[in-house]
Amino acid sequence: QGVLNFLLLGCAGFAQSTLWSCVLQPLVFLAALLMSPDIRMHVSVVPVRCAGMFIAYTLLLVRMRSDSLTRRCTFFLQRYFQVALGKAVESSRKADSILNHTLKNYMADGAGEIELFLDRFDKEDPMYAELHTASISLQRGMRACRQRQAYLQLTSGDYRLSLYPVELETFAKQITAGRDMTTEVPCLQVLLD
């Protein structure tokens, strides 16, 4: 019985009620033993043995209580750090989302101002080509900001493909817009995500 109690306490840990029950249980058994008629003949030996067993039992309980408290403290610390890390990650995502939205708005404002400025220029003017390239680069940056959610899903492993038909030549022009590149892309329709 006592071994089973110790195994249960060792695995489950201590609460105040289990500690009291483990301390009082041997005392009750000791009192029952001392009342027994067989024990009365060896009364002088029994108290010494019982006292020794009680001291050993108490020392073992104190040790187990210490182990249980250490285990509980470790659990509470792990839980605290897990919650703190979750809050930090969530706060970082919210701040990143706000920053992403703000940057996208600033890029849209800049691209719009450039487009309004370009409307007053002749397309043959060398400054027109440079500003047009800058406007296209801003539009690429805005597209990247809009794709932020997909980037988050990719990095977390939650991304799901959604294929749709795309003209490959148009797609290549969008990717290379604003860059001095020569490309040869076949006129095909492909499924892209």
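**Entry 1: a loop residue**

I began with Ser-162, which sits in the loop between α5 and β1 (164-167). Helices here are DSSP runs of H or I with at least four residues, strands are runs of E with at least two, and both are numbered from the N terminus. Ser-162 counts as partly exposed because its relative accessibility is 42%. For that word I used these cut-offs: buried is under 20% relative accessible area, exposed is over 50%, and partly exposed is in between, with a 1.4 Å probe and protein chains only.

A note to myself on the model: it is predicted, so local features need pLDDT of at least 70, side-chain atom pairs count only at pLDDT 80 or more, and totals for chains, interfaces and linings use all residues. Residues are numbered from 1 along each chain as its sequence is written, and side-chain values use heavy atoms, with hydrogens and water left out.

**Entry 2: the whole chain**

Next I stepped back to the overall layout. The chain has six helices and two strands, and from the N terminus on they run α-α-α-α-α-β-α-β. Of the 193 residues, 15% are buried.

**Entry 3: the salt bridge**

How many salt bridges does a search of the whole structure find? I got one. The term means a side-chain nitrogen of Lys or Arg within 4 Å of a carboxyl oxygen of Asp or Glu. Side chains of opposite charge can pair when their charged atoms come close. Here the partners are Asp-96 and Arg-148, whose closest N and O atoms are 3.0 Å apart. Asp-96 lies in helix α3 and Arg-148 in helix α5 (residues 148-156), so the pair ties together parts that are 52 residues apart in sequence.

Are the two partners buried or exposed? Asp-96 is partly exposed, at 34% relative accessibility, while Arg-148 is buried, at 11%. I noted one more thing about Arg-148: a polar atom of its side chain lies 3.5 Å from the backbone oxygen of Arg-93. A polar contact is a pair of N or O atoms within 3.5 Å; within protein, one must be able to donate a hydrogen and the other to accept it, and residues adjacent in sequence count only if both atoms are side-chain atoms.

**Entry 4: helix α4**

I checked the length of helix α4 (residues 126-146) next. Its 21 residues should span 30 Å at 1.5 Å a residue, and its end C-alpha atoms are 31 Å apart, which agrees. The expected span is 1.5 Å times one less than the number of residues. At the start of α4, a side-chain oxygen of Asp-125 comes within 3.1 Å of the backbone nitrogen of Met-127. Buried residues in α4 include Tyr-128, Ile-136 and Cys-145.

**Entry 5: an aromatic pair**

Last, I searched the whole structure for aromatic pairs and found two. One is Tyr-80 with Phe-81, edge-to-face, at 5.5 Å centre to centre and 65° between the planes. Rings of Phe, Tyr and Trp (its six-membered ring) pair if their centres lie within 6.5 Å; planes under 30 degrees apart are stacked, over 60 edge-to-face, and the rest tilted. Tyr-80 and Phe-81 are both exposed.
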